[in-house]
Amino acid sequence: MALDASFVELEYGGGANEPDYWASQSYAKAKETVAEIRNTAKTAYQRHQISNAIENFKTAVHILRKCQLKNDAEQKEQEETLIAVYTSLAVCYNSWHTPEAAFNSVNEIRRLCDINQNAKVLYQEGKALLKLGD
């Protein structure tokens, strides 16, 4: 099954000329929206609608990256949520047989934390590397 190149990129697919609503929104508002989007993405993944799950997780990343943070506590929570979303993206990409994109997701996690303390992330990285070696 071939994958459209737009699914391999980790960036949000919004149009270049669209004003970014989330750039002016609080983390509290973004957090609620991201929770709903993640639930939708998880449901899509469970129904084997991997491309829909990927798009939803990418939207969640975009919202988290753009929203306004008030303090260090929000930043820490944002980073933890980003780690969870990027981990879910790695799982989706490995399921979709796009190890390059899975590896990119792992690299985003690596920027946020020490992945050596996260077995699930290490497993997804290993899975991607094995597929790349085929």
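Axes here are lines fitted to C-alpha atoms, for helices over the stretch in contact. The views below are all taken from a predicted model.

**View 1. Helices α2 and α4 side by side in the predicted model.** Here we look at α2 (residues 27-46) and α4 (residues 72-95), whose axes come within 12 Å and cross at roughly 20°. Angles under 35 degrees count as roughly parallel, so α2 is roughly parallel to α4. As for handedness, the α2 and α4 crossing is left-handed.

**View 2. Who touches whom between α2 and α4.** On the α2 side, the contact is built from Y27, K31, V34, R38 and Y45. Across from them, α4 brings in E74, E77, Q78, T81, A84, V85, V91, C92 and S95. Sorted by class, the contact of α2 with α4 comes to 7 nonpolar, 3 polar and 4 charged residues.

**View 3. V85 and its surroundings.** Leaving out residues up to four places away in sequence, V85 touches R38, F57, A60, V61 and L64. One of these, R38, also belongs to the α2 side of the contact between α2 and α4. For a sense of scale, V85 and I54 are 31 residues apart in sequence, while their C-alpha atoms are 9.9 Å apart in space.

**View 4. Two histidines with positive phi, H48 and H97.** Most residues other than glycine have a negative phi. H48 has a positive phi, near 65°, and is found in the loop between α2 and α3 (50-66). With a relative accessible area of 67%, against a cut-off of over 50%, H48 counts as exposed. H97 also has a positive phi, near 65°, and its place is the loop between α4 and α5 (99-112). At 60% relative accessible area, H97 is exposed as well.

**View 5. Cysteines C67 and C113.** A disulfide is a covalent bond between the sulfur atoms of two cysteines. How many disulfides does the structure hold? The count is 0. Is C67 buried or exposed? C67 is buried, at 6% relative accessibility. C113 has a relative accessible area of 26%, which lies between the 20% and 50% cut-offs, so C113 is partly exposed.

Definitions and conventions. Residues are numbered from 1 along each chain as its sequence is written. This is a predicted model: local features need pLDDT of at least 70, side-chain atom pairs count only at pLDDT 80 or more; totals for chains, interfaces and linings use all residues. Side-chain values use heavy atoms; hydrogens and water are left out. A disulfide is a pair of cysteine sulfur atoms within 2.5 Å. Buried means under 20% relative accessible area, exposed over 50%, partly exposed in between (1.4 Å probe, protein chains only). Axes are lines fitted to C-alpha atoms, for helices over the stretch in contact, and angles run from 0 to 180 degrees between N-to-C directions. Helices (H or I, at least four residues) and strands (E, at least two) are DSSP runs, numbered from the N terminus. Angles under 35 degrees count as roughly parallel, over 145 as roughly antiparallel, 65 to 115 as roughly perpendicular and the rest as oblique. A crossing is left-handed if the near helix is turned anticlockwise from the far one by less than a right angle, and right-handed if clockwise. Contact means heavy atoms within 4.5 Å. Ala, Val, Leu, Ile, Met, Phe, Trp, Tyr, Cys and Pro count as nonpolar, Asp, Glu, Lys and Arg as charged, and the others, Gly among them, as polar.
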